[in-house]
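Take a look at the chain shown below.

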Amino acid sequence: MGDAIKQTDQNWRETLTPEQFHVLREHGTERAGTSPLNAEKRSGTFRCAGCGQELFSSDTKFESGTGWPSFWAPLNDAVETTVDRTFGMARTEVHCARCGGHLGHVFPDGPRPTGLRYCMNGVALQFESDRS
């Protein structure tokens, strides 16, 4: 989905807000229920706030009740995963495939058809409506 983007922390700090930098580059987590994207219901595409890569279609978004935007599947080749062993447990961490930015985690408790819940930090996403 495009060439990999590699930048220094200083370059990222110049282009991201402090909260975006904390989540995308330092693997932080925004406070639950704080993202306006939780209530986003329009048709469109959710992109990486770091590099603009298309990540999720609004067609896969659902209300998980967790306080974070949730999706049952990413777009093809949009994300990569690694094992996160912080907090004394193993979770599957989700990253943007283009810039490596931390987006959130994926859990096996989502709806059909995948049974997955991609629980994303809203600050790591930007929404682009299909209506221009």
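A residue counts as buried when its relative accessible area is under 20%, and as exposed when that area is over 50%. Phe-46 has a relative accessible area of 0%, so Phe-46 is buried. Keep in mind that this is a predicted model.

## Two open sheets

Strands of a sheet pair through backbone hydrogen bonds, either parallel or antiparallel. Three bridges join E1 to E2. Thr-45 stands opposite Ser-57 in E2.

Another open sheet has six strands. Their order is E3-E4-E8-E7-E6-E5, again with antiparallel pairing. Its edges are strand E3 (61-62) and strand E5 (79-84). E3 is joined to strand E4 (residues 70-71) by two bridges. Phe-62 has Ser-70 as its bridge partner in E4.

## The nonpolar core

In soluble globular proteins, nonpolar side chains tend to be buried together. The largest nonpolar core in this model has 26 residues. Those with the most contacts inside it are Leu-55, Phe-56, Val-79, Leu-103, Tyr-118 and Met-120. Several elements each supply at least two core residues, among them strand E1 (44-48), strand E7 (102-107) and strand E8 (117-120). Which element gives the largest share of this core? That is H2, with three residues.

Leaving out residues up to four places away in sequence, Tyr-118 touches Phe-56, Pro-69, Ser-70, Phe-71, Trp-72, Ala-73, Pro-74, Val-79, Val-94, His-105 and Val-106.

## Aromatic rings

A pair of aromatic rings is described by the distance of the centres and the angle of the planes. The whole structure holds four aromatic pairs. One of them is formed by Phe-46 and Phe-127. Their centres are 4.8 Å apart, with 50° between the planes, and the pair is tilted. This pair links distant parts of the chain: Phe-46 lies in strand E1 and Phe-127 in strand E9, 81 residues apart.

Is Phe-127 buried or exposed? Its relative accessibility is 18%, so Phe-127 counts as buried. Ring pairs also build a cluster from Phe-46, Phe-56, Phe-71, Tyr-118 and Phe-127.

## A buried histidine

His-102 is found in strand E7. Its relative accessibility is 1%, so His-102 counts as buried. A polar atom of the His-102 side chain lies 3.4 Å from the backbone oxygen of Gly-28. Beyond four places in sequence, His-102 touches Val-23, Leu-24, His-27, Gly-28, Glu-93, Val-94, His-95, Asn-121 and Ala-124.

Most residues other than glycine have a negative phi, and most peptide bonds are trans. What kind of peptide bond joins Arg-112 and Pro-113? The bond is cis, with omega about 10°. Pro-113 sits in the loop between E7 and E8.

His-27 is not a glycine, yet its phi is positive, near 60°. His-27 lies in the loop between H2 and E1. Its relative accessibility is 44%, so His-27 counts as partly exposed. Asp-77 also has a positive phi, of about 60°. Asp-77 is in the loop between E4 and E5. With a relative accessible area of 63%, Asp-77 is exposed.

Technical notes:
Residues are numbered from 1 along each chain as its sequence is written. This is a predicted model: local features need pLDDT of at least 70, side-chain atom pairs count only at pLDDT 80 or more; totals for chains, interfaces and linings use all residues. Side-chain values use heavy atoms; hydrogens and water are left out. A nonpolar core is a set of buried Ala, Val, Leu, Ile, Met, Phe, Trp, Tyr and Cys residues joined through side-chain atoms within 4.5 Å. Buried means under 20% relative accessible area, exposed over 50%, partly exposed in between (1.4 Å probe, protein chains only). Helices (H or I, at least four residues) and strands (E, at least two) are DSSP runs, numbered from the N terminus. Contact means heavy atoms within 4.5 Å. Two strands pair if DSSP finds at least two bridges between them. Rings of Phe, Tyr and Trp (its six-membered ring) pair if their centres lie within 6.5 Å; planes under 30 degrees apart count as stacked, over 60 as edge-to-face and the rest as tilted. A polar contact is a pair of N or O atoms within 3.5 Å; within protein, one must be able to donate a hydrogen and the other to accept it, and residues adjacent in sequence count only if both atoms are side-chain atoms.
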